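This report covers the aromatic pairs and the nonpolar cores of one predicted model. The sequence and structure come first.

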Amino acid sequence: ARKEVYCQALCELEQRLMTADKAYSLRSNKLKHAIQAGGLESYAGMLVASEQGTIEFYRRAARMTRVALGQSCGPDHAGSQILVDLDQPQLEELVRAFVQIRYPRTFAGSGLNLSTQTHAGHV
């Protein structure tokens, strides 16, 4: 039952992070233009891009943790493939640490291989 509570909380976190990401007015081409504009607009664009990257990182961490705990996830809205590749080792370590701390007996000796569970599906 405790695992289900964690999964439900992670699902809610993922949804709230997606909502937060969608709230930015600087997106896609408008964001690229702001970054290239120079001056204060450029700094604002870089800040927004950084915040969006952080939101995406934690959204994916929540999703990967749910998968590691055995909860299937709906379709993913994957971010940039470059970020997926760069963040993958850190995400796997974050999820592995959470699972090993919260469920040491469940996953002890199982080798919890996250890369095969999550990387192919851009979780």
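## Aromatic pairs and cores

Two aromatic pairs are present in the structure. Tyr6 and Phe98 form an edge-to-face pair, with 5.5 Å centre to centre and 90° between the planes. This pair links distant parts of the chain, since Tyr6 lies in helix H1 and Phe98 in helix H4, 92 residues apart. Phe57 and Tyr58 make up a pair with ring centres 5.3 Å apart and planes at 85°, so this pair is edge-to-face.

| Residue | Relative accessible area | Class |
|---|---|---|
| Tyr6 | 18% | buried |
| Phe98 | 23% | partly exposed |
| Phe57 | 17% | buried |
| Tyr58 | 44% | partly exposed |

Why does Tyr6 count as buried? Its relative accessible area is 18%, and buried means under 20%.

The nonpolar cores are described next. The largest one has 13 residues, and those with the most contacts inside it are Leu69, Leu91, Val95 and Val99. Helix H1 (2-22), helix H3 (39-68) and helix H4 (81-102) are the elements that give two or more residues to this core. H3 supplies the largest share, five residues.

Notes. Residues numbered from 1 in each chain as written. Predicted model: local features only at pLDDT ≥ 70, side-chain atom pairs only at ≥ 80, totals over all residues. Heavy atoms only, no water. Core = buried A, V, L, I, M, F, W, Y, C linked by side-chain atoms within 4.5 Å. Buried < 20%, exposed > 50% of the residue type's maximum accessible area, 1.4 Å probe, protein only. Helix = DSSP H or I, 4+ residues; strand = E, 2+ residues; numbered from the N terminus. Phe/Tyr/Trp six-rings, centres within 6.5 Å; stacked < 30°, edge-to-face > 60°.
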